[in-house]
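Here are some notes to read alongside the model. I hope they are handy when you open it in your viewer.

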Amino acid sequence: MSPSQVVCTDGLRPAPLPKVRADLVVSRALTLFQRFDLASVPRSRRKEALRLAISEWSPFEDWAGAVVWSERGAAMVWIWEAGRVAALAQLEAGRAAKTMMPEPLLLGPGGAELDCVRVAEGWLARRYRDGELQAECFFATRPSAKDWAAAMIALDASTGAADSAWATLDSADAPPCYSAPTARWEAIDATRSSARFSAERAVLLAAAALVLGTLWLGAETLRDLRIRHLQKAELAAAERQAEPQKAARQQAFDAADRLRAWATLDPFPSALMLLNAVAGSLPPGAVVSEYRLDRGVVRATLSNPGARQTGDMVTRLQDSKLFSSVRVVPSGDPRTLRFELEAVSALGVESVKP
Amino acid sequence: MKVWGDLVEQWRERRTLRLGIYAVGAILWLQGLLVWHDWLTASARETLQIAQRIARLKAEAAESQWPQRATDARSRLAVIDRQVTQTETLGLAQADLQDWLGAQAARAGLTNPTVTVAGAAQGAPVSTGGERQGPDRVLGLGFQVQAQLRADFKPLPVYDFLAALEKGERRVWVESMSIRPGAGGRFELSVVAAYRRAPKASQ
């Protein structure tokens, strides 16, 4: 980590040891101090109230600073002109915005009602009550007696304390020695508080959403795993129960395939059945003069058929269910009648389906 | 330790660093959630498929008619299989069919019967209705033998002969039949018989 530096009115200076947890220390010469009593404001609203109060009091439109909260709800605030300090810091360092801490936070607590300490670019008088900082007065040059008296009036210091502090002014000529801040402090500024709040709130919201998503997915996963566990047992039981039926079905299908193959070789009713059907449908007195069967097609020629009974014969042939088509073929001889009959194919009606 | 201390220091002091790391962590976390969600979706789909499979199996288990159907189909098949004779060669099959047809004709009383056997290629069906190799392969047939029978036509012997064919001692089917009744009437029949190839006897 690079050593801390002090932003002074003339630029950056190395900070006195020890190193502090801040990139930059803002010289007291660039800061203003004010104490705000916000004890009457609810704790949850104090930060926003303080920001509004500082905005009203601050002579800088673009201010930044630090705040230390007392237990009694008072805020000790140091502010500076953010743009000017940033410009001074970047003038030398050429770096982006850094953590900045006001110089008075590094000076240690005062032990008396009033003290005067040396700072980077002058002297600082501080008045305390019950160990709590009440007011500060900065002197860019060593104060004269007249300046001191005026400052004591502004600080509302008692005469005794003012005299005693004046007596110690000589010992405050030594260069300042920084120490770690004893009070907990936080940064505050005019423009970034809401943005910071939004960013932090966005982080919290995102984290909450992710946690919710994780919980939901976890619950869904547990539910899915539980269902799968139950399914595993149920599936095994169902497979056991269905196994005999599946085996029987497969056997039936195999047998049906073979029966269908036989039907492919011999798809028509037997020759005897076809001959019986034709003989049984003959009208009285009719004689078969020729009968031919060729691959399921019967061609028969009748002699002496009764013309009025031809229709009955066709009906009887159709009713036999052995023929899919019954046709009378024209013949040149009125004494003969020719029929062409197509036998029903087992392949067409799937009669072998089990 | 110094590096670690510096890292801790940076973490405490640099808000941008913290926000950046939070953002990276959130993105990785979100990516993990998306991958998890994809896995869960696939798992849910698989769960649904298993549920459908269970429902199908239960429906199949409730179909109690299959054993009876299988028994019926096997019985019908057994009847047909018994009608198919096994021979070692095509010649034996042709001889068997010729003898059997001659015997049936004589038993039926056909007069002047003549039986001629046509050659049939091994395993090649004579009449298969277009599916030339299918049924043979399914049924494991070795030979199909075609035979023609010619005899004088007399109604009763012809009926008896046809009835004998239908009785089922041999798996034969009529391809064509011609009857010319009257004086000098003729009866002609073309049949096909199926044979299985018998395993050759070991020497």
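**Notes on a buried glutamate and a sheet**

1. Glu103(A) sits in the loop that runs between strand S7 (100–102) and S8 of chain A. Strands (E, at least two residues) and helices (H or I, at least four) are DSSP runs numbered from the N terminus. This is a predicted model, with local features needing pLDDT of at least 70 and side-chain atom pairs pLDDT 80 or more, while totals for chains, interfaces and linings use all residues. Residues are numbered from 1 along each chain as its sequence is written, and side-chain values use heavy atoms, without hydrogens and water.

2. Is Glu103(A) buried or exposed? Glu103(A) counts as buried because its relative accessibility is 0% (buried is under 20% relative accessible area, with a 1.4 Å probe and protein chains only).

3. Beyond its neighbours within four places in sequence, Glu103(A) has contacts that include Val25(A), Arg28(A), Val119(A) and Tyr178(A) (contact means heavy atoms within 4.5 Å). The Glu103(A) side chain also reaches the backbone nitrogen of Ala120(A) at 2.7 Å. From Glu103(A) to Leu30(A) the C-alpha distance is 9.6 Å, although 73 residues separate them in sequence.

4. Strand S9 (residues 122–129) of chain A pairs with S10(A) over seven bridges, in the antiparallel sense. Across this pair, Arg129(A) stands opposite Glu132(A) in S10(A).

Technical notes. Chains are lettered from A and ligands numbered from 1 in the order in which they are written. Two strands pair if DSSP finds at least two bridges between them. Buried means under 20% relative accessible area, exposed over 50%, partly exposed in between (1.4 Å probe, protein chains only). A polar contact is a pair of N or O atoms within 3.5 Å; within protein, one must be able to donate a hydrogen and the other to accept it, and residues adjacent in sequence count only if both atoms are side-chain atoms.
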